[in-house]
Amino acid sequence: MVKRDKHIIRIVEAWKTYKMGDVDVHALRGMNFEVEYGEFVAIMGPSGSGKSTAVNMVGCLDVPTKGDIYLEGKNISTLSESQLAQIRGKKIGFIFQQFNLISTLTAKRNVTLPMVFQGVGYRKRVRRAEKLLKMVGLGERMQHKPTELSGGQQQRVAIARALANDPDVILADEPTGNLDSKTGKEMMDFLCNLHKKEKKTIVMVTHDPRLAKFAERIAHLRDGSIVKR
Amino acid sequence: MIKDILKYSLSNLWNRKLRSFLTMLSILIGITAIFALISFGQGLNSWIDGFAQEMGTDKVFIMPGGGLSNAPGTSNIKFNEEDLDFIRKIKGVDEATAMMAISGKVGYKDYRDVYPFIIGLSTESNEMRLIEEMFGGIGIMEGRGLKKGDVLKATAGYSYTVPNRLFKRELSIGSKVAINDVEVEIVGFYEEVGSPTDDAQLYLSQEGFEEIFDIEEFEYIYMRVAPGEDPSMIADRIKEKFRKYKGQKEGEEDFTVQTFEDILETFTSILLVLNGVLVIIALISVVVAAVNIMNTMYTSILERTKEIGVMKSIGARNEFILLVFVTESGVLGFLGGLIGVILGAGFAKIGGMAASAFGLTMIQPDFPCWLIAGCLIFAFLVGSLSGLIPAIQASKLNPVDALRYE
């Protein structure tokens, strides 16, 4: 028996190297980073610090060139593309700066989509999507397409979608970046609520120190690795 | 899962209605053409089958020269009464008759003259029956057949009963026509054969034919082989004996012996080759359609790169993405096929009606189930296979790159 890891995500000595012509560009240089169960972490860093790459690793969207990533104690850096998809669909809920809803689908069908990928039955997933949309206050707008919703409403659909498979981790990449400050504040309240009431692990990427203050811990990224303050 | 993929694919196609429609149109054209062409080929085939049934396969012919290459009446080699008697005596020949044929001028009232084939028949009923079987087993549908002693009397093909086909007005029993300026009375009409040439023929007794054209010799000899005999064996025997009788060397005969089956085979294979060439031309348009579908799918995938990234990030496996795009192109193909089959059937029906109006009842479309199913499956396969390469490419997109794509 492997001793249960107290970290839900653990990135060990991760390097990510891109080839640009003949030059090797190191986006990550031996990054070490852990997230504990139920933690609310903010990742901050200037552009070019490898922030995006780090987020992709945390979200299981990408694997390192060198080094390992453990999700719930399991090394995922050797998994195939489809296996990764299956895992991130189940364990991780994404909230993007651009909302990234599927524009041709209604709010309700956007929320059911992650459950489709996990093979959840039709009636069960429709019930859950309705419940989640009511929870984010969009009970009246379930049949609207993204273009018929305001930015704040779209981001709330995205939250409902991120919660669809009841993931352990919510990964929010600049979640308020495209919202006005009032709606942005609402969004942060939502995230804090998820953290406090639902005990979700939340990893948020931001460049805004005021938002980062909502987190329990702030990790600073510089030149491809986490710097201690 | 399959239901979800289908639903999602359909909503994507619906969101790009115009492009979906145009792509569908390209495959629709090919399928319409293929369906219509093959349905005519099939109709023709079953007409030939029916014709063969009526005619029976126990018949052997002797023609002058190299076979069917000569139009009746144009060859200077003919057969005479003695030839016919000789043939009758060959073992395995059940009965034989001879037929005179020539292209003649026929006038009726003041209408424009027509130039059909005039046939000279024996008035012996079994011999006449043999000739009638040659024309698909037609019988007299109105009036009476020719009988012994009829000289300036004629029976007429079906087309004479239809106005505007040969003459502006239809003939009736007792009508007087002029064959090569000799007045002849119509005593009966034959049923329809389905081919315009045969349906325009006029039939005289051999005496009448001699009287009008001053020809006593025969153009063709027809025989029925005895029951249980193999027609092609009898044909070979006739060829050999008749050659010796005529004192000709092997390979230098001035006549051709053919079984009915040979002729049918020649006729059928010519038609099938012709039909096949047309179908191949139509297939080319399907190839063009396949390229078009592929192009549409590439464009669509390019536009939806970000969407693919999003789907992957929320848990879509590569197979799901692959199936979505293959389904989209497959549905385009299938719909194109469906509409193509419907339009093809419509065009074929119209074509068939037009052919009937010109007396070509032999050219009628036939819509067997396998043709309908085959066209649908074919169209679906063309669609999904054309979409396969773009779909594989889409499914392999790296989610990080795809998400960043604008």
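The points below go through the confidence of this predicted model, then the domains of chain B, then the contact between chains A and B.

1. Confidence. The structure is a predicted model. Its scores are ipTM 0.89 and pTM 0.75. For chain B the mean pLDDT is 89, with 97% of the residues at 70 or more.

2. Domains of chain B. Two domains are assigned in chain B. Domain 1 is made of two stretches of the chain, 2-51 and 265-404, while domain 2 runs over 59-228.

3. Contact between the domains. The C-alpha centres of domain 1 and domain 2 of chain B are 50 Å apart. The two domains do touch: seven residues of domain 1 of chain B are in contact with eight residues of domain 2 of chain B. On the domain 1 side of this contact, five residues are nonpolar and two are polar, and no charged residue takes part.

4. Contact between the chains. Chain A contributes 22 residues to the contact with chain B, and chain B contributes 18.

5. The chain A side. Which elements of chain A give two or more residues to the side that touches chain B? They are α2 (81-91) and α3 (107-117) of chain A. Of the elements, α2(A) gives the most, with seven residues.

6. Residue classes on the chain A side. The side of chain A that touches chain B holds nine nonpolar, eight polar and five charged residues.

Definitions and conventions:
Residues numbered from 1 in each chain as written. Chains lettered and ligands numbered in written order. Predicted model: local features only at pLDDT ≥ 70, side-chain atom pairs only at ≥ 80, totals over all residues. Domains from an automatic or database assignment. Nonpolar A, V, L, I, M, F, W, Y, C, P; charged D, E, K, R; others polar. pLDDT = per-residue confidence, 0-100. Helix = DSSP H or I, 4+ residues; strand = E, 2+ residues; numbered from the N terminus.
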